[in-house]
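Me: I would like to go through the labels attached to this structure and ask what each one rests on. Please set each value against its cut-off.

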Amino acid sequence: MAGLRPLAPELSALALSDCNEQQAERGALIVTLQTWIGKSPYLKARTDERLILAFLRRCRFSVEETKRRIDNYYSLRNAFPEVLCARQVDEALLRQFDRGIHVIPTRPASAQGPRVIISQFCKIDPKQSSPREAFKLLFMLLELLAMECDNASVAGLFYVVDARDVNMEQMMQYDPFLLKKTFMLVDQCLPLRFAEIHLVNMIPSGQTIFNFVTSFLPAKLPWKFVVHKKSEDLYKHLPPEAMTIEYGGSNGYQAEALDYWRQKLLAHKDYFAEDAQYGTNEKLRVGLANAWATGELGGTSGSFRKLEVD
């Protein structure tokens, strides 16, 4: 299809082994899903071929699993509007973005490696914003990344959460219900796969709150999650050159990354302005309503026992 990028040989091999992607077949499968969306009266979803391709890769090219994930992605808006709705690229969002809460370094970790994302939650001003607004911005960026970056949709995401200088007032805003819904979004809805999540620079006094809010997540997580006592231990899992210069890497300066993605947000201002029309109308669905569309976010209780501390 005209809008799809050809993959480099290394990434093409990974797409075949990890995503079950056959280059010659993906166009027909995208058309199949576009047709399904058009014939589903309850579902108003984007039909951008790059976004659908990211969903297919996330589901290892299972058409039925891809349908479920797309359905979930738009159904969850009914239960999680504070993060998934009203996604305008306006001055308030750009001011938050300019604080550098989320940084996507210039290059993937390697030619066939995951895309790195760094979140610095100390840069949220609790008097002017909230974690919900920060998560809204993050998932807007991830939707763009799903369309813009084949490394992200094939190899996944390497997510670094930097808790340096996060104070107790900021930490208290991360309630269990927010994290529970965010987990469901990442695990069951998002067109991208989180390969690893690494938490660095957690203050000792924040450990109790962290343990409490994460106790509402499942005992077994679908990705590797490591808390590092020392930030330099991160480089046991990721080459330093994958991180920005501010973190001792060689993957460009944070200011360069912010400028690039600020321009991407501005270029997609109309894209996000159209966002309100997408979602699900459960009154038109034949059969049982999607549980998430009715706010029934079950299946995520349990102890957070699989956390690794490095």
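**Labels and their grounds**

Reply: The face of α6 turned away from its buried side carries Glu91 and Arg95, which are exposed. The model is a predicted one, and the protein in it has 13 helices and 8 strands.

Me: What makes the buried residues of α6 (residues 91-98) one face of the helix?

Reply: The buried residues are Leu93, Leu94, Gln96 and Phe97. Viewed down the axis of α6, they fall within an arc of 160°, so they line one face. An α-helix has 3.6 residues a turn, so residues three or four places apart point the same way.

Me: What covers the buried residues of α6?

Reply: The cover includes β2 (102-103), α7 (131-148) and α12 (254-267). Contact here requires heavy atoms within 4.5 Å. Just after α6, Gly100 has a positive phi of about 80°.

Me: How do you know that the length of α7 agrees with its number of residues?

Reply: At 1.5 Å a residue, the 18 residues of α7 should span 26 Å. The end C-alpha atoms of α7 are 25 Å apart, so the two values agree.

Me: Why is α7 called mostly covered?

Reply: Of its 18 residues, 15 are buried. A residue is buried when its relative accessible area is under 20%. For the protein, buried residues make up 55% of the 310 residues.

Me: Why is strand β4 (residues 157-162) called largely enclosed?

Reply: 6 of the 6 residues of β4 are buried, so the rest of the structure largely encloses the strand. On one side are Leu157, Tyr159 and Val161, on the other Phe158, Val160 and Asp162, and all are buried, with both faces covered. In a regular strand the side chains alternate between the two faces of the sheet.

Me: How do you know that β4 pairs with strand β3 (residues 115-120) and with strand β5 (residues 194-200)?

Reply: Pairing needs at least two bridges between the strands. β3 and β4 are joined in the parallel sense over 6 bridges, and Ser119 stands opposite Val161 in β4. β4 and β5 also run parallel, with 6 bridges between them. Tyr159 has Ile197 as its bridge partner in β5.

Me: Where are Arg60 and Phe61, and what are their phi values?

Reply: Arg60 is in the loop between α3 (49-58) and α4 (63-75), and Phe61 is also in the loop between α3 and α4. Arg60 has a positive phi of about 50° although it is not a glycine. Phe61, not a glycine either, has a positive phi of about 65°.

Note on methods:
Residues are numbered from 1 along each chain as its sequence is written. This is a predicted model: local features need pLDDT of at least 70, side-chain atom pairs count only at pLDDT 80 or more; totals for chains, interfaces and linings use all residues. Side-chain values use heavy atoms; hydrogens and water are left out. Buried means under 20% relative accessible area, exposed over 50%, partly exposed in between (1.4 Å probe, protein chains only). Helices (H or I, at least four residues) and strands (E, at least two) are DSSP runs, numbered from the N terminus. The arc is that of the directions from the helix axis to the C-beta atoms. The expected span of a helix is 1.5 Å times one less than its number of residues.
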